[in-house]
Structure formats: structure tokens, C-alpha cells
Amino acid sequence: MWIGVVTAMPQLIAAGMSDGVVGRAVATDQLDVELFNVRDYAKDRYGSIDDHPFGGSPGMLMMAEPLAACTDDALKKSPVASPKTIYLSPQGKTFNQVIARELAALEAMLLISARYEGVDERYIDEYVDVEISVGDYVLSGGEIPALLVIDAVARLVKGTLGNEKSAMDDSFGDNLLEGPQYTRPREWRGKAVPSVLTSGDHAAIAQWRHEQALLRTWQRRPELLTGRRFDSAEKAWLARHANKEHE
């Protein structure tokens, strides 16, 4: 998969990709990430890529032309004619695992990482296919959101994880949070690992994990269950636990 990133601070993106899942994916050619520095396309000797917004609003805006020139070159490097171009913006749709899966199925995508108060709207109209937000909070720029998207997508690209089942079992894999996990020793500070996990009964372990995922999601993020189609066993299990909490 090819991922291009248009950014004013490529060093931040590069540093975040040097290790871990993304670093391994790049090293093994599962992921091809190219960084494009907007400052290389500035028109003056000061390297200006921003200016005051019309209308007197506070802050600075990234200018359309340096962004456009940088984006044009990035698009030429894409292995497909029209990669999905994504602007990382607080006004976009909230990024989640469903969107991560959709992006992981692409051959190529181009992430636009802005700074300051954002970018000239004319650039968005001209180049951007979709806007994505990583949450309702303010960051100094789009580099961390870009890394977040790259990391989430990289985990879903075939061959990037040592065990492909890990991505399936992660939180949100089935719109459920992951249940509790345990490792050695079997007993720690008087607390033992649930006996089912050491029973060797793979069917019982799978059922326990699924039930714990349901319970944790119901307790901590019940909105994730909205619209979910529960089978009869799930309904009965949740009903039992709901009754216990009201006793």
C-alpha cells in the first residue's frame, strides 16, 4: 500500500514511523510511505506557506498555492491515478475502525496534514475527497493525526503483523472492546488468572473472551452496541448480567 503525506513538518512523521508496526511494515515493503514537504514549494525566500485570513480572523492560514503544488507532485508519485485524498481536519467525520478498514483496502491514499488555523477553503474544494477527524480536541497540527491514521491502517494491511489474527481480535474488531487479558505468572499478588484461560478448552476460552468483550463494551462504551444484531446466546447472557447488577 502507498501512503503519501503532504506536511510542513515531515520530520515529525518520519520520527513516528521509525519503529513498531509501521516501521516493520515500511522495512518489509508492505507499506510505502512518502513524505512531501510543503515548504519546498514556497514562492518567496522566507519559505512562507501561510498568510493572514481575509476578514480579520485570528491566526494564520496555509495558502492554497504551495499546498497545491506540493499535492500535484505527490499525486504524480502515486501508483494509482486518483488516490483518495484525505484532509485531517476537526471538521471531518470521526475516524474509527470501520474507516480504517475501508482505507486499508485501498491501493493508495494521500494524507493532507495542515498547521496553523487550517487551509484556504479553495484548496479543499479542489483537491480533498474526504475530511477525517481523530477526535474533538485541538492539536497544533495534522502530523499526529496522520501518524494515528497510518498506524491504524498499517495494522490491517496483510503481512504487517506477526499474527494476522491480532488485528481481528483488537478492540472494535467486531464493534466490541477487547476483554481482559492475562499473562504469566498465573497468580500475582493473590490474584489468579481466570481458570478457563488455563483449561486448554479452546471453545470455552473463545466463548469466555466473547462474553467478556460484550460485558466490557456494555459497561464502558454502550453506544457501540447501538444497532448491533445480537444472537440469542448474547441476549441471554447480557440479560443475566443486567439482572445481577440490579439485584
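**Entry 1: D120**

I began with D120, which sits in the loop between β6 and α5 (121-127); helices (H or I, at least four residues) and strands (E, at least two) are DSSP runs, numbered from the N terminus. Before going further I noted that this is a predicted model, in which local features need pLDDT of at least 70 and side-chain atom pairs count only at pLDDT 80 or more, while totals for chains, interfaces and linings use all residues. Residues are numbered from 1 along each chain as its sequence is written, and side-chain values use heavy atoms, with hydrogens and water left out.

Is D120 buried or exposed? I find D120 buried, at a relative accessible area of 16%, where buried means under 20% relative accessible area, exposed over 50%, and partly exposed in between (1.4 Å probe, protein chains only). The side chains of D120 and R122 are joined by a polar contact of 2.7 Å. By polar contact I mean a pair of N or O atoms within 3.5 Å; within protein, one must be able to donate a hydrogen and the other to accept it, and residues adjacent in sequence count only if both atoms are side-chain atoms. Not counting residues up to four places away in sequence, D120 touches M62 and A64, contact being heavy atoms within 4.5 Å.

**Entry 2: S113**

I then looked up S113, which also lies in the loop between β6 and α5 and is buried, with a relative accessible area of 0%. A polar atom of the S113 side chain lies 3.3 Å from the backbone oxygen of G142. When residues up to four places away in sequence are not counted, S113 touches V5, V6, T7, A8, G142 and E143.

**Entry 3: α4 against α6**

Two packed helices are described by the angle between their axes and the distance between the axes. For helix α4 (residues 97-104) and helix α6 (residues 143-154), I read that the axes come within 9 Å and cross at roughly 70°; the axes are lines fitted to C-alpha atoms, for helices over the stretch in contact, and angles run from 0 to 180 degrees between N-to-C directions. That makes α4 roughly perpendicular to α6, since angles of 65 to 115 degrees count as roughly perpendicular, under 35 as roughly parallel, over 145 as roughly antiparallel and the rest as oblique.

Which residues make the contact? On the α4 side I list A100, L103 and A104, and on the α6 side V149, A152 and V153. Sorted by class, this contact of α4 with α6 has six nonpolar, no polar and no charged residues, with Ala, Val, Leu, Ile, Met, Phe, Trp, Tyr, Cys and Pro counted as nonpolar, Asp, Glu, Lys and Arg as charged, and the others, Gly among them, as polar.

**Entry 4: the cores**

The largest nonpolar core has 28 residues, of which I3, L31, L103, M109 and L111 touch the most other members; such a core is a set of buried Ala, Val, Leu, Ile, Met, Phe, Trp, Tyr and Cys residues joined through side-chain atoms within 4.5 Å. At least two residues of this core come from each of β1 (2-7), α2 (20-27), β5 (84-94), α4, β6 (108-112), β7 (130-133) and α6, and α6 gives the most, with seven residues.

I placed G179 in the loop between α7 (165-169) and β8 (187-188), and G179 counts as buried at 15% relative accessibility. Apart from residues up to four places away in sequence, G179 touches Q212, A213 and R216. P185 is in the loop between α7 and β8 too, and the peptide bond from R184 to P185 is cis, with omega near 5°. H202 counts as exposed, at 66% relative accessibility.

**Entry 5: positive phi**

Although D29 is not a glycine, I find a positive phi of about 65° there; D29 is in the loop between α2 and β2 (32-37) and counts as exposed at 68% relative accessibility. R189, again not a glycine, has a positive phi of about 50°. I located R189 in the loop between β8 and β9 (191-192), where R189 counts as exposed at 71% relative accessibility.
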